[in-house]
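Please keep the model open while going through it.

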Amino acid sequence: MHLLQVQNLRTTFRIDAGQVQAVRGISFYVKKGESLGIVGESGSGKSVSMLSIMKLLPQNAELQADHVQFNGQDLNQIDQKEMRKMLGSEIGMIFQDPMSSLNPLLTIGDQIVEPIRIHQKISKEAARKKAIDILRIVEIPSPEKRLKQYPHEFSGGMRQRVMIAIAISCNPKLLIADEPTTALDVTIQAQILDLMHDLKNKMQTSIVMITHDLGVIANMCNRVLVMYGGTIVEEGTIREIFYQPKHPYTWGLIKSIPTVSTGKREKLIPIPGSPPDLIAPPKGCPFTARCEYAMKICEKIPPQQITLSETHRAACWLMHPKASGVAKEVTV
Ligand code: SF4
């Protein structure tokens, strides 16, 4: 049984201009102990899909799913209060901007010790000792002294380490990291990724890494979901996605990675064109307007997922045996 299993998740937002169909029927799973990367441009639905599962959506959102199961529990059957209990104990979260997640009026100690005390039902002193141990694990020097300080006394990188400490403090089964390094400078990004990599190996926690950076995915993850226009356009292992990609959007993402010889970080350069309007999404394939291989059928009928291996799926008409286009692959 998978740790997380999601079937046909749909999320819409009501706004004055209409209904934004942010996530349009996605299905995926996370295995115990694995790291799953979700990659795509902003607005592709990658963050919204995880926030939907955690019931952390604003009032104007509407969520439907045929089935969402986490660690044997049907999440469709639990309310927000029960979900909140689960967050911080069984599911930990790390967001892009640690400053907006930490309370500036409370010491770091208050923000780590209290959740440990509540979730693990242990004394304040025992929780404090545990907090010190966790700060050591995330390599924050002088943890006893640091517990008494406020978030503004920490650098950006140190604040992100604190967020990681809070997220792992209750030994979660699943850690969700949403662009955890985007707000940090390059050297600090590398340090935080190294830390997460070590923690992943030590703790055997499953990780969902949401990012627009394929370099992060390559270093951290076992499998990848490529999202576009609120849908999963391709899914596979790292090897399948990087060496045998089948979807033109994935080809574009891979081609846009600067080569190592440029000395730059592997950051996505946007593919020409704009993402689809999700208030009135295209009838056919969401990538049609930007796809150099688009055929007539692409405009009219959405491509179904084609299974290529036990772990590899892609949704593109080029793979259909009767398609007139010739499937090409990018050599990477
Ligand atoms: Fe391009 Fe058509 Fe494939 Fe969509 S279905 S990615 S438009 S070839």
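Predicted model: local features only at pLDDT ≥ 70, side-chain atom pairs only at ≥ 80, totals over all residues.

1. The structure holds 12 salt bridges, and one of them joins Arg10 to Asp66, with the closest N and O atoms 3.2 Å apart. Because Arg10 lies in strand β1 and Asp66 in the loop between β4 (61–64) and β5 (67–70), the pair ties together parts that are 56 residues apart in sequence. Arg10 itself is partly exposed, its relative accessible area being 25%.

2. A second salt bridge brings together the side chains of Arg223 and Glu34, at 2.7 Å from N to O. This pair links distant parts of the chain, since Arg223 belongs to strand β10 (residues 223–228) and Glu34 to the loop between β2 (18–30) and β3 (35–39), 189 residues apart. Arg223 is buried, with a relative accessible area of 3%, and Glu34 is buried as well, with a value of 6%.

3. Glu41 and Arg290 form a further salt bridge, in which the closest N and O atoms are 3.0 Å apart. Glu41 sits in the loop between β3 and α1 (46–53) and Arg290 in the loop between α11 (248–255) and α12 (296–300), so the two tie together parts that are 249 residues apart in sequence. Glu41 counts as buried at 15% relative accessibility, and Arg290 is buried at 11%. Elsewhere, salt bridges that share partners join Glu34, Arg223, Glu235 and Arg313 into one network.

4. What does the side chain of Glu234 reach, given that this residue is buried yet has no salt bridge? The nearest side chain of opposite charge, that of Lys246, is 7.3 Å away, but the side chain of Glu234 reaches the backbone nitrogen of Lys246 at 2.9 Å and the backbone nitrogen of His247, also at 2.9 Å. Glu234 is placed in strand β11 (residues 231–237), and its contacts beyond four places in sequence include Val224, Leu225, Val226, Pro245, Thr250 and Arg313.

5. Glu144, in helix α6 (residues 143–146), is partly exposed at 35% relative accessibility. Its side chain makes a polar contact with the side chain of Arg136 at 2.9 Å, and, leaving out residues up to four places away in sequence, Glu144 touches Ile132 and Arg136.

6. Gln5 is found in strand β1 (residues 4–15) and is partly exposed, with a relative accessible area of 24%. Not counting residues up to four places away in sequence, Gln5 touches Phe28, Tyr29, His67, Val68 and Gln69.

7. The largest pocket has a volume of about 600 Å³, and of the 22 residues that line it, Leu87, Gly88, Met93, Pro115 and Ile166 are the closest to its centre. The elements α2 (80–86), β7 (91–94), α4 (108–120) and α7 (156–168) each supply at least two residues of this lining, and α4 gives the most, with 5 residues.

8. The structure also holds 2 cavities of 30 Å³ or more, and about 100 Å³ of space lies in the largest cavity. That largest cavity is lined by 14 residues, of which Cys285, Cys291, Cys298, Cys316 and Trp317 lie nearest its centre.

Key. Residues numbered from 1 in each chain as written. Heavy atoms only, no water. Helix = DSSP H or I, 4+ residues; strand = E, 2+ residues; numbered from the N terminus. Buried < 20%, exposed > 50% of the residue type's maximum accessible area, 1.4 Å probe, protein only. Contact = heavy atoms within 4.5 Å. Lys, Arg positive; Asp, Glu negative; His and termini not counted. Salt bridge = Lys/Arg side-chain N within 4 Å of Asp/Glu carboxyl O. Polar contact = N/O pair within 3.5 Å; in protein donor to acceptor, adjacent residues only side chain to side chain. 1 Å grid on protein atoms, 1.4 Å probe; cavity = no way out; pocket = protein on both sides within 12 Å on 5 of 7 lines; lining within 4 Å. Points joined across faces, edges and corners; volume = space filled by probe spheres on them.
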